[in-house]
Amino acid sequence: MLIIGLFITIGIGTSFGTIPILAVLFVPIFVKLGFNPMQAIAVFAAAAALGDAGSPASSTTLGPTQGLNVNGQHEHIKDTCIPTFLHFNTALIVGAIVAVDRKSVV
């Protein structure tokens, strides 16, 4: 689920457009597998944010690149997208896994 959300959002470039796509496709799957709605929300939000943080077309990466490129030596993909993707997405994946852990369900 997280990987599918990641690739959909990277392609679209916005997490706001990804959540409706993921919700329609995966809510029935989550219910069938026995997950509660809060777990589904956590996974949808994480999946959408995963792609948003690493998408070259996202405002999350375009804004910092414009600010950092004042000297003309900042590369968008190498200096913004890859570090954002690695550092931010690692925490998102861990958070989503913790949220879906069945032992933590009350």
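**View 1. His74 is buried, with a relative accessible area of 15%.** This model is predicted. The cut-off for buried is under 20% relative accessible area, so His74, at 15%, qualifies. His74 sits in a loop. That loop runs between helix 4 (59–68) and helix 5 (76–100). The side chains of His74 and Thr80 are joined by a polar contact of 2.6 Å. Setting aside residues up to four places away in sequence, His74 touches Thr65, Leu68, Asn69, Asp79 and Thr80.

**View 2. Ala53 is a buried residue of helix 3.** The relative accessible area of Ala53 is 1%. Which residues are in contact with Ala53, leaving aside neighbours within four places in sequence? They are Thr60, Thr61, Cys81, Thr84, Phe85, Phe88 and Asn89. Take Asn89 from that list. Ala53 and Asn89 are 36 residues apart in sequence. In space, their C-alpha atoms are 7.1 Å apart.

**View 3. Helix 3 is mostly covered.** Of its 18 residues, 13 are buried. From first C-alpha to last, helix 3 reaches 26 Å. That is close to the 26 Å expected at 1.5 Å a residue. Look next at the start of helix 3, where Asn36 and Met38 meet. A side-chain oxygen of Asn36 comes within 3.1 Å of the backbone nitrogen of Met38.

**View 4. Nine residues form the largest nonpolar core.** Its members are Leu22, Phe26, Phe30, Phe35, Ala40, Val43, Phe44, Ala47 and Val100. Two elements give two or more residues each: helix 2 (15–33) and helix 3 (37–54). Helix 3 gives the most, with four residues. In soluble globular proteins, nonpolar side chains tend to be buried together. Val100 is one of the core residues. Beyond its neighbours within four places in sequence, Val100 is in contact with Phe35, Gln39 and Val43.

**View 5. Phe30 and Phe35 form a tilted aromatic pair.** How many aromatic pairs are counted? The count comes to one. The ring centres of Phe30 and Phe35 are 5.2 Å apart. Their planes stand at 50 degrees, so the pair is tilted. Stacked would need under 30 degrees, and edge-to-face over 60. Phe30 and Phe35 are both buried. Both also belong to the largest nonpolar core.

Conventions:
Residues are numbered from 1 along each chain as its sequence is written. This is a predicted model: local features need pLDDT of at least 70, side-chain atom pairs count only at pLDDT 80 or more; totals for chains, interfaces and linings use all residues. Side-chain values use heavy atoms; hydrogens and water are left out. A nonpolar core is a set of buried Ala, Val, Leu, Ile, Met, Phe, Trp, Tyr and Cys residues joined through side-chain atoms within 4.5 Å. Buried means under 20% relative accessible area, exposed over 50%, partly exposed in between (1.4 Å probe, protein chains only). Contact means heavy atoms within 4.5 Å. Rings of Phe, Tyr and Trp (its six-membered ring) pair if their centres lie within 6.5 Å; planes under 30 degrees apart count as stacked, over 60 as edge-to-face and the rest as tilted. A polar contact is a pair of N or O atoms within 3.5 Å; within protein, one must be able to donate a hydrogen and the other to accept it, and residues adjacent in sequence count only if both atoms are side-chain atoms. The expected span of a helix is 1.5 Å times one less than its number of residues.
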